[in-house]
Amino acid sequence: YGEIMPLGGPFLTNGELDFIEDWIWAGAPENGIVADPLILNDQSEYNPPEFTPLEPPILGFQYHIGPFEVLPNTEREFLYYVPPESNDYYVNRVEMSMSPGTHHFIAYEFSDNYSSTLPNPYEYRDIHTPYIEETPFNPEWIQNIMDLQEHIFIFGTQWPAWDYTFPEGVALKITTDSGLDLNPHYFNYTNETIQGEVYFNLHATLPQDVVHEAGILQLGKNDISLPPHQATILEKVFSTNEILNSINVNPPNNTSELKIFQLFSHAHQLMTRFDVLILHENGQEELIYTALDYEHPPILELDPPLTMTVGQSIISRATYYNNTDNYVNFGLLSTDEMMIIFGLVYFE
C-alpha cells in the first residue's frame, strides 16, 4: 500500500499500513478497537524498488531520458522528441525501466496530419507548472498541448519496469519518417526533489519473420465529470466501426476477425474499478478485464488471442470515488481523471 498512500509520498510507515490492514480484515468497523496500537511503533517506511538501467537491445534501439529533476510537491510531464533512427522497422519486444515516482511513460508517433514544424530534438517540452507557464498566451505551452492531442499512441505503461514479447510471428511496424515523441510523467508529493529517469528499448525483428502486422487499439471517454464525495460509474459502448476506426492499421479485404492479444486500462487516482467487457450480438455481456489499482493496472496478455467478430462491441465501465470537495473532470494531471482502453491487435 505504501506506494499509493498517499499519492507520490510522503509514504505512510509500515506500522500505519499494517494497522490499516488489520482494521480492513476486521471488517473496517466505524467503532471499537480491532487493531493493536503497538503496531504503530514500527516507524520504518516503504522503499521504492531499485531502479535498474537497461542494456541496449542486440537488434533495435534504446532511448534514454534524464536524469531530470521533479521538484517537491509538483508533477512533471513533458514531451521529448527523438529524430528518426533508420528506415521503418518491426518491433516484437518492448522493455521499459523507470526510476521511482513515475505515473506513466508513453511513446508516440506523429500523426499524418501533423502540420507544425518538428520540435527541437532532445529537449524537455513541459506540460505543467512550475516548469512552464500554463496560459493561453504562451505559444510554447499551447503547442505542447496540441502535440499531445495530435499524436498516435505506440507504447505505454504505468509500471516502473515492464518487459513484453509479442506472440510468435506478430510485430508492430514503427514508421520513422518523423521520429518518436516520448512522454514521461512523474509526480512528487514529498518535500524533497527527486530524479526522474527512463530507459526504453525497442527490440526489432526481420520483416520476413512477420506473419501478422500488429495494430494499436485506443478507446477513450473524455466527457468525465465526477461530483464531490460520491461514487460515480461511467460507461461507454464502442461499436464495431468505432473499434476499427480507433486502430492505426487498416484491416485487409474480407477480414472478419479481430484478434486482441494485449489489453490494459488507464485512469487516475479516483478510479476504484475499471472493467472491460465484450457485448455480444444477443446482448450478453462477457467480462474480460478488471483493474482495481489505477497506478498498476494489469496488462492482460492473451495467448491465444481474444477473437472479436463483426457485430460485437466493447464496453468500458469504470467506477470512481471522488473524495475531494470539488468536481473532477477529464484532464492530464494525476488529480484529473481519464478513462482509456489500450490494446494490441491484429487482423485475420
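## Burial and overall build

Of the 348 residues in the protein chain, 48% count as buried, where buried means under 20% relative accessible area, exposed means over 50%, and partly exposed lies in between (1.4 Å probe, protein chains only). This is a predicted model, in which local features need pLDDT of at least 70 and side-chain atom pairs count only at pLDDT 80 or more, while totals for chains, interfaces and linings use all residues. Residues are numbered from 1 along each chain as its sequence is written, and side-chain values use heavy atoms, with hydrogens and water left out.

The secondary structure comes to three helices and 21 strands. Both kinds of element are DSSP runs numbered from the N terminus, helices being H or I with at least four residues and strands being E with at least two. Along its principal axes, the C-alpha trace spans about 65 × 50 × 45 Å. The radius of gyration of the protein chain is 21 Å, which agrees with the value near 20 Å that a compact globule of 348 residues would have. That radius is taken over C-alpha atoms, and the globule rule is 2.2 Å times the number of residues to the power 0.38.

## Contacts and core

The largest nonpolar core has 84 residues, and Phe155, Phe166, Leu182, Phe200, Ile314 and Tyr320 touch the most other members. Strand S21 (residues 340–347) gives the most to this core, with seven residues. For reference, a nonpolar core is a set of buried Ala, Val, Leu, Ile, Met, Phe, Trp, Tyr and Cys residues joined through side-chain atoms within 4.5 Å.

## Surface and charge

The protein chain carries 9 positive and 50 negative charges, whose mean positions are 9 Å apart. Lys and Arg count as positive and Asp and Glu as negative, with His and the chain ends not counted. Each charge is placed at NZ of Lys, CZ of Arg, CG of Asp or CD of Glu.

## Backbone details to look at

One runs from Thr129 to Pro130, with omega near 5°, and Pro130 sits in the loop between strand S5 (124–126) and helix H2 (139–150). Another joins Asp303 and Pro304, with omega about 10°; Pro304 lies in strand S18 (residues 300–309).

Positive phi values also turn up in residues other than glycine. Ala28 has phi near 50° and belongs to the loop between helix H1 (14–25) and strand S1 (60–70). Because its relative accessibility is 32%, Ala28 counts as partly exposed. Tyr122 has phi near 60° and lies in the loop between strand S4 (102–109) and S5.

## Around helix H2

Leaving aside neighbours within four places in sequence, Asn144 is in contact with Leu79, Arg125, Asp126, Ile127 and Ile132. Asp126 is 18 residues from Asn144 in sequence, and their C-alpha atoms are 7.3 Å apart.

Glu140 is found in helix H2 too. With a relative accessible area of 46%, Glu140 is partly exposed. Between Glu140 and Asp126 there are 9.0 Å in space, C-alpha to C-alpha, for a separation of 14 residues in sequence.

The C-alpha atoms of Asp303 and Met339 are separated by 25 Å, with the two residues 36 apart along the chain.

Glu295 has its place in the loop between strand S17 (285–291) and S18. At 5% relative accessibility, Glu295 counts as buried. Glu295 and His266 are 29 residues apart in sequence, with 8.5 Å between their C-alpha atoms.

Methods
Contact = heavy atoms within 4.5 Å.
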